[in-house]
Amino acid sequence: MAAGRRIRWPFIVLGAIAVLLVAWVIFHKKSSPPAGHPAIPVTAAKAASQDVPLTITSLGAVQAWTSDTILAQVSGKLLSVNFAEGTDVKAGQVLAQVDPAPFKAALDQAEGTLARDQAVLAEAKLDLARFQILMAQDSIARQQFEDQQAVVKQDEGTARIDAGIVANAKINLGWCRIVSPISGRAGVRLVDPGNLVSASGSISSTPATASANSTSGGSASSTSASGTNGGSGIVIINQVEPIAVTFTVPEGDFQRLSDASNEFRQAMTTDATSQETGEPLGQGLLTIADNRVDPATGTVELKARFANTDKKLWPGQFVNVTLTLQTLSNVITIPTTAVNHGPNGAFAFVVGANNKVSMRPITVSWTQGQLAVIKSGVKPGEIVVTDGQMILKAGSSVRVVQAAPAG
């Protein structure tokens with residue numbers, strides 16, 4: 001028994017020593033400082049001071065400043081077409097010729113009738129002069145004198161009717177020469193020589209009857225040129241110098257446009273660019289605004305005039321329109337992505353010198369594209385967070401991983 005106790009004693013001593021060593025290590029170990037919150041990665045940009053043009057953009061449609069469909073105003077055979085398709089024509093240039101023979105004959109007939117009736121009137125006036133002398137001598141009855149006065153008035157009326165018929169015949173004869181009322185670009189020819197054209201705009205191959213018609217009173221009248229031009233016409237002339245670009249703006253922007261242009265008394269610069277390439281197509285002036293707001297869309301139609309001397313704009317083309325309201329000088333700008341909205345209004349996260357952010361209330365006076373014009377709250381050169389704001393709060397530590405360009 002004594003030998004067994006001597007064997008266990010060394011193990012007991014070693015175990016006690018081990019326990020004491022572990023306790024010493026635990027109680028004498030230095031406590032490490034608590035770990036801090038890691039910096040949040042964000043992107044940021046510097047507030048800048050610069051000039052900002054205030055613009056309105058819209059989709060525009062190019063149209064001819066003036067577009068005329070050329071129609072025949074008398075009926076007859078089309079003798080010739082005197083223009084080349086797709087070329088420029090001048091105002092007053094002859095475009096086509098209708099056979100004038102029937103209208104010349106009608107004019108001759110009307111002039112002959114007028115000459116005859118003028119001779120009858122002259123004879124009646126001579127008789128009236130003689131009857132007046134005889135009346136003064138009390139050689140004829142008053143009734144005979146008064147009857148002759150009535151005959152003279154009747155013949156004067158007939159002569160005036162004849163003069164009107166002659167004037168109408170001259171107009172119809174002049175309308176046989178179809179001329180362009182404007183300078184512009186001729187389109188594709190819509191009718192060929194040899195066809196019969198009508199004052200109603202129709203085209204046929206049946207012989208026309210444009211000769212004069214006799215009336216019961218012995219007077220002649222040519223074919224009337226009045227009628228509704230509802231046909232296809234001969235050609236369409238589009239005025240492309242200058243040319244128009246029409247577009248619409250929301251009624252809210254329209255009010256700002258009206259204020260900036262003094263109710264459109266002052267022309268405003270308008271730029272047109274290509275939808276496909278963004279190439280500038282010309283600069284014009286906005287001077288025309290529609291007289292109502294479209295209730296279906298809440299927009300107002302506007303029209304700008306472009307000189308188009310280089311003919312980059314063409315009727316029917318769609319373009320992007322940029323309208324400059326004014327230019328703000330030396331204003332503070334930040335990216336629109338840096339503007340946040342909370343219960344108390346707009347604010348921005350501003351990065352301080354210690355890379356900690358503060359929530360700064362700001363006042364935005366205008367937004368133009370990707371820029372926000374700041375009225376108050378941020379100074380030029382201060383850094384604002386543009387991305388990563390969702391997990392930020394006042395006092396958060398940040399690490400700028402990518403700085404956006406200033407402005």
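This is a predicted model: local features need pLDDT of at least 70, side-chain atom pairs count only at pLDDT 80 or more; totals for chains, interfaces and linings use all residues.
Numbering runs from 1 along each chain as its sequence is written, and side-chain values use heavy atoms, with hydrogens and water left out.

Back to the pair. I read about 160° between α2 (residues 101–136) and α3 (residues 142–174), with the axes 8 Å apart; axes are lines fitted to C-alpha atoms over the stretch in contact, and angles run from 0 to 180 degrees between N-to-C directions. Their contact has 20 nonpolar, 8 polar and 10 charged residues (Asp, Glu, Lys and Arg are charged; Ala, Val, Leu, Ile, Met, Phe, Trp, Tyr, Cys and Pro nonpolar; the others, Gly among them, polar).

Next I looked up S198. I found S198 in the loop between β8 (196–197) and β9 (203–204); strands are DSSP E runs of at least two residues, helices H or I runs of at least four, numbered from the N terminus. Is S198 buried or exposed? S198 is buried, at 19% relative accessible area (the cut-off is under 20%, with a 1.4 Å probe and protein chains only). Leaving out residues up to four places away in sequence, S198 touches A72, V74 and S75 (heavy atoms within 4.5 Å).

Last, the whole protein. I noted 4 helices and 23 strands. Buried residues are 35% of the 407.

How values were computed
Buried means under 20% relative accessible area, exposed over 50%, partly exposed in between (1.4 Å probe, protein chains only).
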